[in-house]
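Please take a look at the structure shown here. The paragraphs after it lead through its parts one at a time.

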Amino acid sequence: MAKVNNWHLKRDMEYVYDEARPKKQWAIIFDLNKCIACQTCTLACKTTWTSGKGQEYMFWNNVETKPWGGYPLAWDLRVLEKLGRQDWAKNGTYAGKTIFEAAPPTERAVHFAPQDEDWMYPNIGEDDCQGLVEKGGHIGSLPHDKWFFYLPRTCAHCTYPACLAACPRKAIYKREEDGIVLIDQSRCKGYGECVRACPYKKSMYNPYTRVSEKCVGCYPAVEQGVQPQCVVNCIGKIRIMGFISPPAKARDDNPVDYLVHKKQLALPYYPQLGLEPNIYYIPPIHADRAYLHQMFGPQVDGAIERYKKLPEDPIAQGLLVLMGSSDKILHRFKVERGEAQGFDEQGNELVRVPVTEGVVERAAFDEKLGAPRNNTP
Ligand code: SF4
Ligand code: SF4
């Protein structure tokens, strides 16, 4: 095993291959306070990529309700149980083992293989809140004790992918130009090692073609400077796709760097697994803290406190307004004079939106039409 640096864990860790970071790293940020579980992202992905034979059960993008939901069933509980204790030191360093470090000598990662039926019923019966709501109950304070939240998930195009580490055919590769992780369909023999090894369960087996498949990060769109289908179709405008830098190279005008590094509002999920996943979540402010600690690590308290103070921060507010405002990848952003602007890699302006929408009050009587109007409060 090689020693590599994992900045999510604030330490070096063991991995099968040497550290080889791409020139740019694809990343998506999701604001979990805004997801409405409409599943538009899921269907946008499904109709684009997985409408073929053998793909009937596949959702490269899925949205599950936490704490009960899971596609496949209990994917996270099962890997967390196998990993054992996951302690974080006071200075924020991960003190437990990753799935690579906890693997038995004959394996490359702690893993499990879902059964066919585990994939079959996504979202069934999961929209129940934790605990019974009593008659007359209401949300009195945050976090409240009756909670659930929606968790949209894609492949995380990990910096240290377990799928890639486990593949005996070396059929999985990480692209140097954008960090997207792909399976070479002509090299794959369908052994399913990636399906077993990926703790997020985002590599899937196609029983018709008999090879494994996974989210491709919408690379044909990304190559044209366009964000993935699940991002541009998001009804709640909760997502933004861009490129994340390692901490030492973070730029304040890069939307992803700003939210992850500068403001530390967006966090990786289950960083303790050790893959340095490149999807980042702004955690929900209303959910149980112990649960959020387990999912997002010890930085979650700070992220939530900073999110609650956003009304005092016009720059971050402007950036959140830019989410979902353009189908193009925003490499840079600027907020000034009440407007948020997004730019391409060459610095050309792609989008400009007001941070606060103007309010227009109509006259109660339309003189031209001679008709009264009803202003809806
Ligand atoms: S999320 Fe899973 S399938 Fe995607 S790159 Fe990471 S290990 Fe591979
Ligand atoms: S489209 Fe957006 S709001 Fe709707 S479920 Fe997907 S991530 Fe959530």
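Strands β1 (residues 2–6) and β2 (residues 11–15) pair in the antiparallel sense over 5 bridges. Strands here are DSSP runs of E of at least two residues and helices are runs of H or I of at least four, numbered from the N terminus; two strands pair if DSSP finds at least two bridges between them. Asn 5 has Asp 12 in β2 as its bridge partner. The hairpin of β1 and β2 has 4 residues between the strands, and Lys 10 takes a positive phi near 55° there.

The model is predicted: local features need pLDDT of at least 70, side-chain atom pairs count only at pLDDT 80 or more, and totals for chains, interfaces and linings use all residues. Residues are numbered from 1 along each chain as its sequence is written, while chains are lettered from A and ligands numbered from 1 in the order in which they are written.

An open sheet is formed by 4 strands in the order β10-β3-β12-β11, with mixed pairing. Its edge strands, β10 (239–243) and β11 (267–268), each pair on one side only. Strands β3 (residues 26–31) and β12 (residues 279–282) run parallel and are joined by 4 bridges. Opposite Phe 30 stands Tyr 281 in β12.

The loop between β10 and α7 (255–262) holds Asn 254. Asn 254 counts as buried because it has 21 C-beta neighbours inside 10 Å; the cut-offs are 20 or more other C-beta atoms within 10 Å for buried, 12 or fewer for exposed, and partly exposed in between, with C-beta atoms placed from the backbone. Leaving out residues up to four places away in sequence, Asn 254 touches Gly 242, Ser 245, His 331 and Arg 332, where contact means C-beta atoms within 7 Å.

The largest nonpolar core has 101 residues, of which Ile 29 and Cys 163 touch the most other members. Such a core is a set of buried Ala, Val, Leu, Ile, Met, Phe, Trp, Tyr and Cys residues joined through C-beta atoms within 7 Å.

Cys 163 is also one of the closest of the 14 residues around ligand 1, a residue being near a molecule if its C-beta atom lies within 6 Å of it. This shell divides into 10 nonpolar, 2 polar and 2 charged residues. Here Ala, Val, Leu, Ile, Met, Phe, Trp, Tyr, Cys and Pro count as nonpolar, Asp, Glu, Lys and Arg as charged, and the others, Gly among them, as polar. Around ligand 2 the shell has 11 nonpolar, 3 polar and no charged residues.

Technical notes. Contact = placed C-beta atoms within 7 Å.
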